[in-house]
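Please open the structure in your viewer and keep the selection tool at hand. This tour moves from one selection to the next and says what is to be found at each stop.

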Amino acid sequence: MEYITQIIDPAPSRAQLLLDGMRALRKPKLDGAPSLPAARLVRCAVELSPAGIAAYARACGFRREQGVPLSYPHVLAFPLHLMLLTRPSFPYPASGMVHLANRIRQHQRLHEGQALRLEVYCERWVAHPKGQALSIATRAYGADALVWESDSLYLRRDVDNPVGEPWSDPLPLQEDGLLRTQRWVLPADLGRRFAKVSGDFNPIHTSVIGARLFGFRRAIAHGMWTLGRALAAQQPPGGLDQAQAHCDFKLPIFLPGQVALWNHPVTGPRREFEVRNFAGDKPHMRGLFIWKESQA
Amino acid sequence: MSDYSFNPAPTRRVAIIGGNRIPFARSNTVYAHDSNQDLLVAALQGLVDRYNLHGQRLGEFAAGAVIKHSRDFNLARESLLSTTLSPQTPAYDVQQACGTGLEAALLVANKIALGQIEVGIAGGADTTSDAPIGINETLRHTLLAANRAKGMGDKLKTLLKVRPSMFFKPLLPRNGEPRTGLSMGEHCEEMAKRWQIKRLAQDELTLTSHQRLNAAYKRGFFDDLISPHRGLARDNNLRADISLEKLAGLSPAFDRHNGTLTAGNSTPLTDGASVVLLANEEWASANGWPVLAYLRTGETAAVNFVDGTEGLLMAPAYAVPRMLEREGLSFADFDLFEIHEAFAAQVLCTLKAWEDPEYCRERLGLDAPLGAIDRSKMNVNGGSLGCGHPFAATGGRQLAALAKAIHERGGGRGLISICAAGGLGITAIVEK
């Protein structure tokens with residue numbers, strides 16, 4: 001696949017993204033197989049700004065001593081995801097794309113003030129049992145190397161004969177013996193708060209009316225908030241040198257509400273976890289968090 | 001040339017002269033309108049009255065409360081100024097969750113042992129009736145920003161961000177561990193499941209706690225340990241007519257479907273205060289007071305409950321064997337055990353842990369298990385399940401009651417153990 005590299009500068013404004021989002025509400029019906037958008041969107045130097053990190057950390061419950069949150073670069077790249085999904089050449093309406101799963105890998109320690117080159121592109125189609133899935137790649141480069149990357153799997157439901165490689169359950173985790181180790185109380189305005197720090201102003205997260213327009217009875221929490229909260233809850237003090245986080249998004253979390261973190265009570269740098277309702281019978285997220293203990 | 005070398009004086013034995021507390025009252029009952037300070041003053045003045053300390057300048061008064069208002073920054077000193085002790089007695093606040101009272105006593109005792117002071121008082125108070133309610137966090141940040149703003153225009157501009165809704169969403173005190181969001185009862189429920197503690201065993205321990213407390217009141221054990229307050233002469237959580245059937249009828253409080261912890265076999269929120277008078281032997285004999293017992297030593301421990309590898313309330317399981325090893329003692333050397341009953345399940349988990357060879361080896365690093373505790377020696381005059389648990393007041397209550405029990409039986413050795421929020425455990429040895 002040959003990509004056309006497009007430099008994005010300055011960052012797209014919220015108003016522009018909103019406008020593009022409105023325009024992308026409807027798309028003409030697709031004849032035949034979808035083609036993969038060839039654009040690679042690049043921002044050359046995005047700063048891991050202390051203020052941005054602090055606001056993100058506050059929203060997700062990261063503590064200062066945990067360093068740059070593993071999931072933070074994702075929010076810096078998210079506007080580029082939106083730009084890809086709302087482009088006229090993208091075959092499906094952006095609002096119908098459901099974030100199914102995300103996997104993040106960090107190869108080097110990230111520092112406040114560091115500038116990252118962010119690249120976002122549609123990597124491949126995935127044939128999912130429920131429709132057409134698409135993997136969007138996010139790559140973050142430091143001075144000379146890939147330091148961080150993320151693969152986001154989005155799903156367009158009810159597409160017959162999806163194309164691409166067949167989907168396989170990426171997280172065959174041990175469900176037995178999970179214990180409820182934390183309770184999170186989620187306020188009604190959590191979606192608006194996380195929208196401000198993540199740039200994801202999707203109305204299903206920010207207002208009841210917006211959520212109802214798209215078929216939810218109440219606003220739902222951002223999946224990436226849930227991932228951030230889970231990482232914040234399980235990461236020991238001290239920043240991460242190398243780490244991976246994989247998650248599958250399950251049932252939506254309605255706001256306000258309370259959910260619980262379930263995991264195996266073990267020490268050591270590996271956590272299999274689930275976010276469930278407080279009673280523990282409904283899964284909202286399954287995940288795996290692996291890190292290399294900091295040498296510092 | 002100055003000579004900086006000196007020979008430290010030998011440490012002194014720390015005598016427990018006596019203690020005083022007010023009867024403990026369930027939250028929002030008799031003491032509903034008393035502040036922490038009101039409660040602490042009542043307990044302290046009662047001690048001053050009993051030991052005729054009016055106008056005396058003591059070495060220090062150390063005390064604290066767990067649930068505090070910001071105005072309570074100098075709670076111990078402010079309380080002292082409301083009593084008839086000499087206002088020249090220094091005071092300071094201590095806070096170590098439910099271990100506050102015992103930790104305060106260890107601090108005062110250590111100064112006495114080192115010869116820095118001769119006599120001091122330790123204590124604690126807590127009310128959950130007169131709890132602090134904070135203003136809305138967003139409102140607070142806005143007000144602080146307005147305070148920082150230069151000039152009236154900027155101040156007004158900042159204040160325009162205040163919304164009426166902020167006044168109706170106050171910051172309420174949370175009944176939960178800050179790092180897990182789970183209440184202490186939920187944590188303890190998890191421990192009970194891990195250690196397979198049966199409901200019946202919890203209810204039996206609860207029954208014993210009430211029965212022994214009631215018996216102790218009946219034989220006048222508390223006559224010189226308690227001063228009445230607000231018309232209350234005994235702990236109003238005490239149910240003399242409690243039975244296993246009644247306890248069995250209560251539904252689980254923290255896990256409705258599979259739980260074993262109930263409102264009966266868990267301590268309720270309680271208001272109260274307690275203080276203990278500690279001194280060296282010279283002060284005791286000079287003032288004509290018999291020594292009830294000596295506070296020999298203490299040990300604190302903490303566990304990592306955040307990653308779930310250890311139960312929130314299991315730290316005493318670690319503190320006790322460390323202390324015993326340091327002092328060259330074993331359970332066989334003890335005649336009395338004063339184990340704080342936050343929850344019947346937590347007591348039973350700890351006892352079971354000390355009997356478990358694998359746990360003692362893997363977690364506590366012991367060659368052999370510590371062994372079983374003879375229940376007839378444990379909490380012989382009732383425990384927190386019976387009298388209630390005003391967080392910071394429990395240590396003082398236990399210390400005074402244990403010292404008196406040792407004195408009554410003409411000597412012996414006792415162990416105190418308290419579990420606390422944050423995975424803390426505070427323990428001590430009392431003997432004569």
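The stops below go from a whole chain to single residues and then to the other chain.

Before you start, note that this is a predicted model, in which local features need pLDDT of at least 70 and side-chain atom pairs count only at pLDDT 80 or more, while totals for chains, interfaces and linings use all residues. Residues are numbered from 1 along each chain as its sequence is written, and chains are lettered from A and ligands numbered from 1 in the order in which they are written.

**Chain B as a whole**

Of the 432 residues of chain B, 51% count as buried, a word used when 20 or more other C-beta atoms, placed from the backbone, lie within 10 Å of a residue's own.

**The annotated active site**

Next, select C98(B), H389(B) and C419(B), which an unreviewed UniProt entry marks as "active site"; such annotations may be inferred rather than shown by experiment. These residues span 322 residues in sequence, yet no two of their C-alpha atoms are more than 11.9 Å apart, so they gather at one spot.

Zoom in on C98(B), in the loop between β4 (91-93) and α3 (100-113) of chain B. C98(B) counts as buried because it has 31 C-beta neighbours inside 10 Å. Leaving out residues up to four places away in sequence, C98(B) touches several others, including V66(B), F391(B) and C419(B), where contact means that C-beta atoms, placed from the backbone, lie within 7 Å.

Then move to C419(B), which lies in strand β9 (residues 413-420) of chain B and counts as buried, with 33 C-beta neighbours inside 10 Å.

**Across to chain A**

Finally, select residues 192-235 of chain A, where UniProt, in an unreviewed entry, places the feature "domain: MaoC-like". The end C-alpha atoms of this span lie 25 Å apart, and the span is 66% helix and 0% strand. To end, display both chains: their contact takes seven residues from chain B and ten residues from chain A.

Conventions. Contact = placed C-beta atoms within 7 Å. Helix = DSSP H or I, 4+ residues; strand = E, 2+ residues; numbered from the N terminus. Buried ≥ 20, exposed ≤ 12 C-beta atoms within 10 Å, placed from the backbone.
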